[in-house]
Amino acid sequence: MTLPNMITIMRLLLVPAVMLAMLQSLWGWAFAGFLIAGISDGVDGFIARRWNQSSQLGAYLDPIADKLLLVSVFVVMGFAGELPLWLVVTMVSRDGLIVCAVLLSSVMSHPVEVKPLFVSKANTAAQIVLAALVLGELAFAAHLGPLRTGLILLTGVLTVASAAAYLVAWLRHMSGYGEGSRTSNSQNGDTKSGIGKSGGSSTDA
């Protein structure tokens with residue numbers, strides 16, 4: 001258990017606390033919890049890189065913690081009427097489709113490794129900013145109507161674009177594109193091929 005992994009686990013434990021605060025309309029506490037989670041995400045990444053404490057467990061835990069927090073916040077805000085349900089459904093469906101695609105390819109003995117696309121990173125950034133903006137509005141009784149509306153539309157477009165990009169890449173993978181690269185990888189002992197490779201080291205989709 002490295003220090004970055006312990007910080008990530010603490011961030012996972014923040015998820016139910018943030019959700020409970022939101023459900024009780026304690027928006028100040030919810031905003032504080034969300035802010036702490038965001039800061040801790042940067043801190044554990046810095047420590048892992050600076051002191052060479054990266055691990056395979058952390059590579060899985062970190063994106064799970066981030067995604068679980070974002071999805072939970074969006075779902076609660078959707079039911080609270082602070083975000084349109086179409087956006088929440090689109091976000092959850094997109095993540096569900098990616099998980100189903102990865103599981104299906106594994107079941108069919110044609111495993112695929114998901115790598116983040118640029119549009120996926122932009123989508124995640126937009127979701128984080130939107131969640132922070134809405135929680136901040138509610139915590140400080142502010143009103144940023146036009147800005148919120150613009151971010152909602154941008155996030156919706158990026159979510160659909162990201163889902164479409166992953167779908168196209170997955171279909172190409174499953175239909176046999178890149179057969180040559182898979183053969184080459186197999187000779188090197190690697191039977192996985194990737195979709196959505198962008199040269200980044202992040203596992204966040």
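Let me start with one term: a residue counts as buried when its relative accessible area is under 20%. By that cut-off, 39% of the 205 residues of this protein are buried. Keep in mind that we are looking at a predicted model.

First, the overall layout. The protein has seven helices and two strands. Starting at the N terminus, the order is α-α-α-α-β-α-α-α-β. Now the contacts. Take those with a separation of 6 or more in the protein: 77% of them join residues 24 or more positions apart.

Now to the helix pairs. In general, two packed helices are described by the angle between their axes and by the distance between the axes.

Pair one is α1 and α2. Helix α1 covers residues 3-23, and helix α2 covers residues 27-50. Their axes are 9 Å apart, and the packing angle is about 165°. Angles over 145 degrees count as roughly antiparallel, so α1 is roughly antiparallel to α2. The crossing of α1 and α2 is left-handed. Sorted by class, the contact of α1 with α2 has 16 nonpolar residues, three polar and three charged.

Stay with α2 for a moment. Helix α2 is 24 residues long. From first C-alpha to last, α2 reaches 34 Å, close to the 34 Å expected at 1.5 Å a residue. Which residues of α2 are buried? The list is W27, A30, F31, G33, F34, A37, S40, D44, G45, I47 and A48. For reading such a list, remember that an α-helix has 3.6 residues a turn, so residues three or four places apart point the same way. And what covers the buried residues of α2? The cover includes α1, α3 and α5. Just after α2 comes N52, with a positive phi of about 50°.

Pair two is α3 and α4. Helix α3 spans 56-79, and helix α4 spans residues 85-107. These two pack at an angle of about 150°, with their axes 9 Å apart. That makes α3 roughly antiparallel to α4. The crossing of α3 and α4 is left-handed. On the α3 side, the contact is made by K67, L70, V71, F74, V75, G78 and F79. On the α4 side, look at L85, L87, V88, M91, V92, R94 and D95. By class, this contact of α3 with α4 has 10 nonpolar residues, one polar and three charged.

Moving past α4, we reach S109. This residue sits in the loop between α4 and β1, the strand at 112-114. S109 is not a glycine, yet its phi is positive, about 55°. Is S109 buried or exposed? S109 is exposed, with a relative accessible area of 64%.

Helix α5 runs over residues 118-140, and helix α6 over residues 145-174. Their axes come within 9 Å and cross at roughly 150°. The two helices, α5 and α6, are therefore roughly antiparallel to each other. Their crossing, α5 with α6, is left-handed. From α5, the residues in the contact include V119, A122, A126, L130 and L133. From α6, they include L147, L151, T155, L158 and S162. By class, the contact of α5 with α6 has 14 nonpolar, seven polar and two charged residues.

How accessible is N123? N123 is buried, with a relative accessible area of 0%. Leave aside the neighbours within four places in sequence, and N123 is in contact with R94, T155, L158, T159 and S162.

A141 is a residue other than glycine with a positive phi, near 55°. A141 counts as exposed, at 71% relative accessibility.

Last stop, α6 itself. Helix α6 has 30 residues. It reaches 43 Å from its first C-alpha to its last, close to the 44 Å expected at 1.5 Å a residue. After α6 comes G176, whose phi is positive, near 105°.

Note on methods: Residues numbered from 1 in each chain as written. Predicted model: local features only at pLDDT ≥ 70, side-chain atom pairs only at ≥ 80, totals over all residues. Heavy atoms only, no water. Axes fitted to C-alpha atoms, helices over the stretch in contact; angles between N-to-C directions. Helix = DSSP H or I, 4+ residues; strand = E, 2+ residues; numbered from the N terminus. Parallel < 35°, antiparallel > 145°, perpendicular 65-115°, else oblique. Left-handed = near helix turned anticlockwise from the far one by under 90°. Contact = heavy atoms within 4.5 Å. Nonpolar A, V, L, I, M, F, W, Y, C, P; charged D, E, K, R; others polar. Buried < 20%, exposed > 50% of the residue type's maximum accessible area, 1.4 Å probe, protein only. Expected span 1.5 Å × (residues − 1).
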